[in-house]
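Let's walk through this one together. Each label gets a "how do you know?" and a plain reply.

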Amino acid sequence: MSTKPSAPKPSALDGIRVIDMSRVFAAPVGAQILGDLGADVIKIERPGVGDDGRGYGTAWVKGKDGIETRHSSFFTVSNRNKRSITLNHSKPEGQEILRKLVETADVLIENYKVGDLKRFSLDYETLKEINPRLIYCSVTGFGQTGPSAALPGYDGLFQAQGGMMAVTGLPDGHPGAGPLKAGPSLVDFITGHNTALAILGALMHRTRTGEGQFIDIALLDTSVAMVSHIMQDYLISGEAPPRLGNGGNGGGPADLLHASDGIVYLTAGTDEHYRRLTVLMDQPELFTDPRFDSNFKRARSGQAELIRIINEWSSKITVTELLAKFDSVGIPAARYNELDDVWKDPQVQHRGLRATTPHAYAEAGSVDLIQSPLAQMSASPASIRRAPPMLGEHNGEILDELGYSAERIAELKELKII
């Protein structure tokens, strides 16, 4: 007996339209999150050039039949679930199209320099006269006000200025010690999440009141907040905690351990975890050793020596055996994975974190994307419905929705408006 396929689950943001005028990474990530949750995200790009992020990164999606996709890794990871329209908003005809879009939109996201869009009457104060329910989100390096508001900025700059580098890297006195930038563009990435979170809050506010609003998101604000509990340590004590390298920031011991055939990360984060570890090592006397008899000592003053002792034990055991021992007594630990190993991890595979998505213009016919962490919502999960768009891929489709005739669309193309 055949069964009907189950209907797709409704998306949380069905019916919400987002105009995405952002470039590069932070703000595009925010718009993508809204797209993952079901919003219709219309990406506005410069004719012939597109989002600057199309040229960032070290790898590009290869096109078929000689097509240049302009899908760099930066662009690909932050622009799924969007439709692309090219538009010259410096010209009156382009501004007219944008205003027509604003009439139909719920949200506009932009990351131009402070005041830049006001020159074209595309600022919040002007556009809210067209659509009072509009939520207008500006994402900048330093925010809309203050002595640095007009300055440009990128992720590494804010890791340095906001305190992230001060708490990242090897401890003083070790070879290679000093401030260290995190590998991924973490300030950009978390700013994107803050962008989406603020917009979701504004949509809830609008549901209650009918009011739109202006949102001012700054990478600097995010970078300071990201230092989190370590910054709070400083605010409470007035003393900056030391950089800990791969050491944990809470309970310990926590660090990389070398097995006979690989590396494991261990976090024995409570006194009970540590007690179990000393028994597992057949060295129960370490539990009461005055060098290691408190979480503070194990995570700070005695950390290096304790990790050395544990490594003497772990280096004689394979990764698989070591993890089995830790699991058997409930001590948190994980295998260290190179990037290729991540996708072989059974739990990563079980969670479906590699999302192969159809792509009409890619040589392979598809592109592998990173699944949204919001895909496990029971009623309205995030989903990937569209691969990142080709530049201007949806020009005709979107302009047709706005009532433009085929003849007028051709004229706009001839005038280089689109």
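Q: What does pLDDT tell us here, and what is the chain's average?
A: It is the predictor's confidence in each residue, from 0 to 100. This is a predicted model, and its chain averages a pLDDT of 94, with 98% of the residues scoring at least 70.

Q: How many helices and strands does the chain have?
A: It comes to 16 helices and 11 strands. The C-alpha atoms fill a box of roughly 85 × 65 × 45 Å along the principal axes. Of the 418 residues, 44% are buried.

Q: How do you know whether serine 138 is buried or exposed?
A: Look at its relative accessibility, which is 1%. Buried means under 20%, so serine 138 counts as buried. You'll find this serine in strand S5, residues 135–140.

Q: What makes the link between the side chains of serine 138 and glutamate 110 a polar contact?
A: The distance is 2.4 Å. A polar contact needs a pair of N or O atoms within 3.5 Å, one able to donate a hydrogen and the other to accept it, so this pair falls inside the cut-off. Glu110 also turns up in the list of residues in contact with serine 138, along with Gln144, Phe214, Ile215, Asp216 and Ile217, leaving aside neighbours within four places in sequence.

Q: Why is glycine 141 called buried?
A: Its relative accessibility is 11%, and the label applies under 20%, so glycine 141 gets it. This glycine sits in the loop between S5 and helix H5 (155–161). Not counting residues up to four places away in sequence, glycine 141 touches Phe158, Ala218, Leu219 and Leu220. From its C-alpha atom to that of aspartate 40, 101 residues apart along the chain, the separation is 26 Å.

Q: And serine 11, with a relative accessible area of 15%: buried or exposed?
A: With the cut-off for buried at under 20%, serine 11 is buried. Its place is in the segment before strand S1 (17–21). Apart from neighbours within four places in sequence, serine 11 is in contact with Leu37, Gly38 and Ser380.

Q: What makes helix H1 mostly covered?
A: A count does it: 11 of its 11 residues are buried. Among them are Ala26, Pro28, Val29, Ile33 and Asp36. Just after H1 comes glycine 38, with a positive phi of about 110°.

Q: At what angle do helices H6 and H7 pack, and how far apart are their axes?
A: H6 (residues 186–209) and H7 (residues 219–226) pack at about 105°, with axes 9 Å apart. Angles of 65 to 115 degrees count as roughly perpendicular, so that is the description of H6 against H7. On the H6 side, the contact is made by Leu186, Val187, Asp188, Ile190, Thr191 and Asn194, while H7 brings Leu219, Thr222, Ser223 and Met226. These residues divide into five nonpolar, four polar and one charged.

Q: What share of the chain's contacts with a separation of 6 or more comes from residues 24 or more positions apart?
A: Such residues account for 68% of them.

Methods
Residues are numbered from 1 along each chain as its sequence is written. This is a predicted model: local features need pLDDT of at least 70, side-chain atom pairs count only at pLDDT 80 or more; totals for chains, interfaces and linings use all residues. Side-chain values use heavy atoms; hydrogens and water are left out. Helices (H or I, at least four residues) and strands (E, at least two) are DSSP runs, numbered from the N terminus. Buried means under 20% relative accessible area, exposed over 50%, partly exposed in between (1.4 Å probe, protein chains only). Contact means heavy atoms within 4.5 Å. Axes are lines fitted to C-alpha atoms, for helices over the stretch in contact, and angles run from 0 to 180 degrees between N-to-C directions. Angles under 35 degrees count as roughly parallel, over 145 as roughly antiparallel, 65 to 115 as roughly perpendicular and the rest as oblique. Ala, Val, Leu, Ile, Met, Phe, Trp, Tyr, Cys and Pro count as nonpolar, Asp, Glu, Lys and Arg as charged, and the others, Gly among them, as polar.
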